[in-house]
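Please look over the model shown here before reading the points that follow.

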Amino acid sequence: MAEAKKSVGSDNAEDILTKIENKSLKIESLIKQYKFIEAIKTALEGYPPLDERCKSANWIGVHKALMAIKDVEGMLRSLDPQYYDILMKYVYRGLSTGNRTTCDQCLKIHEKLTEKAGFGCILRSLADTVNTV
Amino acid sequence: MRKWLVSCFLCCWLWIFLICSLAMQVLICRNEAEKCLIETSINSLRISLKVKQADELENILAKKFLRFLSMRAEAFQVLRRKPVQGYDISFLITNYHCEELQKRKLIDFIVQFMEDIDKEISELKMSVSTRGRLVATEFLKQF
C-alpha cells in the first residue's frame, strides 16, 4: 500500500517535472520573441511545487525570465497584484544565490516591487514557510 | 491519566512544530563576497554580515577592525562577541533590546553600521598605504 502510494507520488513528480520543462521551453521562446512580460507571467503561473527537484527546475525557468527583464517598472505595471508575493519569494531566492548579476537584477526588482507592493509583501513572502519556492 | 499523557505528548509535538516553523533564516547576497544572514527565533534575531575584502590588506584590516569592535561588544549591547562561522560580524537582538531600545533607532543603527564599515576600512587602507609610502621614501633617501 505504501509502495503503491510512493509510486503514485513519484509519477506525480515526473508529471510536474515534464510540465515545468515545457513551461521552461515556452519561457525561452517568449524571451527570444522579446515578450518579456508574457515570459514572466508564464514563469510565475502555477502553484510552487512541493518537491525539491521540481522547485529547482521551476527556479531555472523563473531565473531566465527574471534576468531577461530590462524595464522593471513596466513589467510591474502590467503584472497582476496577485503575483507580487510569488515574485517576491523568487526575488529572495535569487538574492540567496550569491551570483553577482542575479543579485544585481534581484535587488533592482526588490526595490521597485517594495515601492509598489509595500512591506507587507516582504513579510508575507518571508513568513510563508509552507509554500516555499 | 492516559488522556492527560496523550495530550501532553501532542502539546510537545505542536510546540516543537511551532518553534521549527518560527525559526527561519534569510540569506541576502550582494555578490559573491558580500552577504547578510538573518536568523530568527522566538525571542531574538541574529544578523551576520560578511564585508567586502578585495585584497589581502583589506582582509587583515577588516579582521582587526571588526575584532576590535567585537571585543567591546558590551558597549554596543546588540553586538555579538564572536561572529557566526563564515561571517565577519554578528548582531544579536533579543526581545529585551526591543523593549529597552527603540526599534526604529536599532534598525537605523545597523544600517548606518553597514554603510560606515566600508568607508572605515577604505580610510584605514588609505592611511596604511600613505604611511607605508612615507616610510619607504624616508628609508630609501639614504641610498
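The numbered points below go from chain B to its interface with chain A and then to the cysteines.

1. The model is a predicted one, and the points below should be read with that in mind. Chain B has 143 residues, of which 25% count as buried. Its secondary structure consists of 5 helices and 4 strands, and, read from the N terminus, these elements follow the order α-β-β-β-α-α-β-α-α.

2. Where the chains meet, 9 residues of chain B are in contact with 12 residues of chain A. The two chains bury about 870 Å² between them, and 62% of that area is on carbon and sulfur atoms. On the side of chain B, the residues that lose the most area to chain A are Met24(B), Cys29(B) and Glu32(B), which together make up 41% of what that side buries.

3. Which residues form the salt bridge, and how far apart are the closest N and O atoms? The count between chain B and chain A is 1 salt bridge, and it joins Arg100(A) to Glu32(B), with the closest N and O atoms 3.9 Å apart. Glu32(B) is also one of the three residues of chain B that lose the most area to chain A.

4. As for polar contacts, the rule finds 3 residue pairs across the interface of chain B and chain A, with both residues of a pair at pLDDT 80 or more. Strand 1 of chain B, residues 25-29, gives the largest share of the side that touches chain A, namely 4 residues. By class, that side of chain B is made up of 5 nonpolar, 2 polar and 2 charged residues.

5. Turning to the cysteines, the structure holds 0 disulfides over all chains. Cys103(A) is accordingly in no disulfide, and the nearest cysteine sulfur, that of Cys29(B), is 5.1 Å away. Cys103(A) is buried, with a relative accessible area of 0%, while Cys29(B) is among the residues of chain B that lose the most area to chain A.

6. Cys121(A) is buried, and its relative accessible area is 0%.

Notes: Residues numbered from 1 in each chain as written. Chains lettered and ligands numbered in written order. Predicted model: local features only at pLDDT ≥ 70, side-chain atom pairs only at ≥ 80, totals over all residues. Heavy atoms only, no water. Contact = heavy atoms within 4.5 Å. Buried area = accessible area lost by both parts, 1.4 Å probe. Salt bridge = Lys/Arg side-chain N within 4 Å of Asp/Glu carboxyl O. Polar contact = N/O pair within 3.5 Å; in protein donor to acceptor, adjacent residues only side chain to side chain. Helix = DSSP H or I, 4+ residues; strand = E, 2+ residues; numbered from the N terminus. Nonpolar A, V, L, I, M, F, W, Y, C, P; charged D, E, K, R; others polar. Disulfide = S-S within 2.5 Å. Buried < 20%, exposed > 50% of the residue type's maximum accessible area, 1.4 Å probe, protein only.
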